[in-house]
Amino acid sequence: MSSVASTPAAGEIAGLSPRRRKLINALNIGGLIATVITVLGAIFWAFPLYWAVVTTLKVENDIVQPGIQLWPQRFTLDAYTHVLFNTKIGTWYINSLVTAVSVTVLVVMISALAGYAISQLRFPGRRILWWIILASFMIPIPALIVNHFVLISQFKLFNTWLGVILPQLVYGPVTVIIYKQFFDSVPKELREAATIDNANEFQMFFRLYLPMNWGITTALAIITFIGAWNQFLWPFLAVTDEQMMNVTVGITQVTDAFGVKYARDLGSAILAGLPVAIVYLIFQRRVTEAIMLSAGIKG
Amino acid sequence: MSAADIASDVPSKARKRRFNTREVLAALVFVLPFVLVYAVLFIYPTIQMILLSFQKAPLIGAGTWVGFDNYAKLFKDKLFGVAFWNTVYFVALTAVPSTLLALAIAIGINRLKGWVQSLILACFFIPYILPVSVVFRVWGWMFDSQFGILQPLIALVAGGNVPVFRTLPLFMPTVAFITIWWTIGFNILLFIAGLRNISPEIYEAASIDGTSKWRQFARITWPLIWPVTVLVLTIQLIAQFKIFDQVYLFGNGGRSDATMGLVQLIYRSAFQKNNGGYGATVAVVLFLVIVVFSVLQFQLLRARGGDNK
């Protein structure tokens, strides 16, 4: 593809001699090889997911047959109906949904407020607060598991939604930093105009700064949701009661008493990943934007 | 995460200005929820962790002060040595390879155009947004010792099926490979953003001069993408040092000591052996390692004037 497209353009650059043009064509063969390798790499990357999905659509007996069936010979949804009706996955889904949505709402709300104050208001301790937020990147959150556990035990939050939710609020500082940067770039004239209209800080935040940054709020909310849904270590520690488990923990910790059933195990995993996969496919642009922002790159 | 370029954002003259009471009150209300959450869930547990590391204490309940006993124990504890070197080994197997591979893939993707580019990028990126449990099941099935689709390939080399996750020398490299598969999308994304920031005119000028593709890469792409490379590499170093989920799941619920990493040792000491003091000590070690890498990242990024926006 690239060799066809770029040959005329290359020829136009400056009446190139035929030898030069041949050289460029040779280089484009190199480019073609690079493209082929990239495409093969992408197929290799996507294959495990494809293979997992196809396996869940097969009859269990066909799965353990020798030979590779890239498409189900006998198509069935048995694995999914079994997982949905015979395991606690429904309850786990609700637990995941409640905790992930709560983490998202709380993190975004708290961070937007703090980001606004740091960006727009003068108050004592502002610089110190900003430095503490930046320094928080040095604290590895998995190192805090012991003391987070002590904390939620003291508040009797073990095996509760709140116990899963609260320690995940430590993922807030990045969000504050991103909000601050976005609030910084709201034109000062708008603020001055609103001040003349006698708007107080709360009106300023809710009517001006937040609505002007809905895009980034959506992006941050989506990525926080994906992160919270995918959490493993903390929900795994904070809950031992099967009724209170998140779906990511439940499907790996509670196993069938009747031995390995490949389609069912994979089916439950696919169901666990489905919400984030759907969210990603719908909001692709926002997800990539938020990821680049949280790494410190403006996309 | 690149603190370097945003650290200086708050102007210092703000300190000298008189404060407006109404503004300060409003600010207090705005920052209060964050400060509260931060103090209770970040600063307090960090201080408690450090204090706990000097105590002999159960997970829940009062402990007794033992000074540096726990730290002395680290050097005698074989398991700590295993956990530390396993973690270093895992970081070595993932951080640099996934950074370089991501750069190569990003260059490949960057050559493509339109929907083909989006599709190829999505193939590499989708694993990154999935929960670890999905990764665990998907690759558990790929490598399944009886029916795994990769076993015929393994049999070609080994002469028979190999239970990869129960074969110690293969465990870490395999989990590292799966981790790269899982997380490389993040690196690719950052590299593509970096590559797009390199002006195409530079390449046009170079191709008129007849510079070879390899020299273009060595003289233009590599130096200009270097700040992104540093960013990706240090993010990976920091992230992979915190390894737990995959190793724990593939290591059969962490029942094998031989595959233990540092976070898993925290978990083992505090939660399974009810030795909160020692768990906190291992946590402090992890904390110190991450602090060193964070400072390194900060310095490297600042030395190059932040990332190349």
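This passage describes the confidence of a predicted model, the contact between its chains A and B, and one helix pair in chain B. Residues are numbered from 1 along each chain as its sequence is written, and chains are lettered from A in the order in which they are written. Because the model is predicted, local features need pLDDT of at least 70 and side-chain atom pairs count only at pLDDT 80 or more, whereas totals for chains, interfaces and linings use all residues.

Chain A has a mean pLDDT (the predictor's confidence in each residue, from 0 to 100) of 88, with 89% of its residues at 70 or more. Among its elements (DSSP runs numbered from the N terminus: helices, H or I, at least four residues; strands, E, at least two), confidence is lowest in helix 1 (residues 2-12) of chain A, at a mean of 41, and highest in helix 8 (residues 161-165) of chain A, at 97. Over residues 1-13 of chain A, pLDDT stays under 50, and the model has 16 contacts beyond four places in sequence for this stretch; a contact requires C-beta atoms, placed from the backbone, within 7 Å.

The contact of the two chains takes 91 residues from chain A and 82 residues from chain B. Helix 2 (residues 18-56) of chain A contributes the largest share of the chain A side, 17 residues. That side divides into 63 nonpolar, 22 polar and six charged residues (Ala, Val, Leu, Ile, Met, Phe, Trp, Tyr, Cys and Pro count as nonpolar, Asp, Glu, Lys and Arg as charged, and the others, Gly among them, as polar).

Within chain B, helix 4 (residues 78-111) and helix 12 (residues 262-272) pack at an angle of about 150°, with their axes 8 Å apart (axes are lines fitted to C-alpha atoms over the stretch in contact, and angles run from 0 to 180 degrees between N-to-C directions). Helix 4 and helix 12 of chain B are therefore roughly antiparallel (angles over 145 degrees; under 35 is roughly parallel, 65 to 115 roughly perpendicular and the rest oblique).
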